[in-house]
Amino acid sequence: MNDCRFCDRLADKTETVLENDLCVFLQHEESVLIGSGLIIPRAHCATVFDLTSAEWNAVHDMIHQAKTLLDKTYQPDGYNLGWNCGTVGGQHVFHAHLHIIPRYKDEPYAGKGIRYWLSQEENKRK
C-alpha cells in the first residue's frame, strides 16, 4: 500500500529488530517508554481481527522472541501489550500492530495498566 506508514517502515528496515516470514518487531530508539516496540504483520490488514491463523501464530512466536530480547536488554518489571482497533479504540495507523511496552517499578505510572485510564469515572458513558 502506497499510503501506509507501517508498510513504509517495513520496507525501510532501519527499525527492524526481529523478524520472521509474516511479521516484524520494530523499535524506535527515541521512545519515552524505553524498550517499547511494535509487532507488525508484513501483509497489510487494517486490524487484528483481519489476521490469518498463520499470522496469529507468527505474532505469538514474535511476542516470545521480543520478550526474551527485552528481558535480556532492559530487565523490565512487567509488560503491557495492546492492540488498538478502530478510531474510537485509539488506532491511528490502519495497519494491524501490537504494542509491546516494558514497564518498570520506578516509573511514575508503575502499577497503572491499560484498564486504569479507561476505568476512570470521567470515562463512564452518559
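Author: With the naming of elements: helices and strands are DSSP runs, numbered from the N terminus. On that basis Gln-75 lies in the loop between α2 (53-74) and β4. Keep in mind that this is a predicted model.

Reader: What is the phi of Gln-75 near?

Author: The general idea comes before the case. Most residues other than glycine have a negative phi. Gln-75 has a positive phi, near 50°, and is a residue other than glycine.

Reader: Which residue with a positive phi follows α1?

Author: Lys-13 follows α1. The phi of Lys-13 is about 70°, a positive value although the residue is not a glycine. Lys-13 sits in the loop between α1 and β1 (16-19). Because its relative accessibility is 41%, Lys-13 is classed as partly exposed.

Reader: Staying with α1, which of its residues are buried?

Author: Buried here means under 20% relative accessible area. In α1 the buried residues are Phe-6, Cys-7 and Leu-10. Viewed down the axis of α1, these buried residues fall within an arc of 105°, so they line one face of the helix.

Reader: What do the buried residues of α1 pack against, and which exposed residues does the face turned away carry?

Author: The buried residues of α1 pack against β2 and β3. On the face turned away from the buried side, α1 carries the exposed residues Arg-5 and Ala-11.

Reader: Which element gives the most to the lining of the largest pocket?

Author: β5 gives the most, with four residues. At least two residues of the lining come from each of β4 (78-83), β5 (98-103) and α3 (114-118). By class, the lining of the largest pocket divides into 13 nonpolar residues, six polar and three charged.

Reader: What volume does the second largest pocket have, and how many residues line it?

Author: The second largest pocket holds about 310 Å³ of space. It is lined by 19 residues, with Phe-6, Arg-9, Gly-37, Leu-38 and His-99 nearest its centre. Two or more lining residues come from each of α1 (5-12), β2 (23-27), β3 (37-41) and β5. α1 gives the most to this lining, with three residues. Here the lining of the second largest pocket divides into six nonpolar, 10 polar and three charged residues.

Reader: Last, a loop residue. Is Gln-91 buried or exposed?

Author: Gln-91 lies in the loop between β4 and β5. Gln-91 counts as buried because its relative accessibility is 2%.

Reader: Which backbone atoms lie 2.8 Å from a polar atom of the side chain of Gln-91?

Author: One is the backbone oxygen of Ala-46, at 2.8 Å. Another is the backbone nitrogen of Gly-86, also at 2.8 Å. Leaving aside neighbours within four places in sequence, Gln-91 is in contact with Ala-46, Thr-47, Asn-84, Cys-85, Gly-86, Ala-96 and His-97.

Note on methods: Residues numbered from 1 in each chain as written. Predicted model: local features only at pLDDT ≥ 70, side-chain atom pairs only at ≥ 80, totals over all residues. Heavy atoms only, no water. Nonpolar A, V, L, I, M, F, W, Y, C, P; charged D, E, K, R; others polar. 1 Å grid on protein atoms, 1.4 Å probe; cavity = no way out; pocket = protein on both sides within 12 Å on 5 of 7 lines; lining within 4 Å. Points joined across faces, edges and corners; volume = space filled by probe spheres on them. Buried < 20%, exposed > 50% of the residue type's maximum accessible area, 1.4 Å probe, protein only. Polar contact = N/O pair within 3.5 Å; in protein donor to acceptor, adjacent residues only side chain to side chain. Contact = heavy atoms within 4.5 Å. Arc of directions from axis to C-beta.
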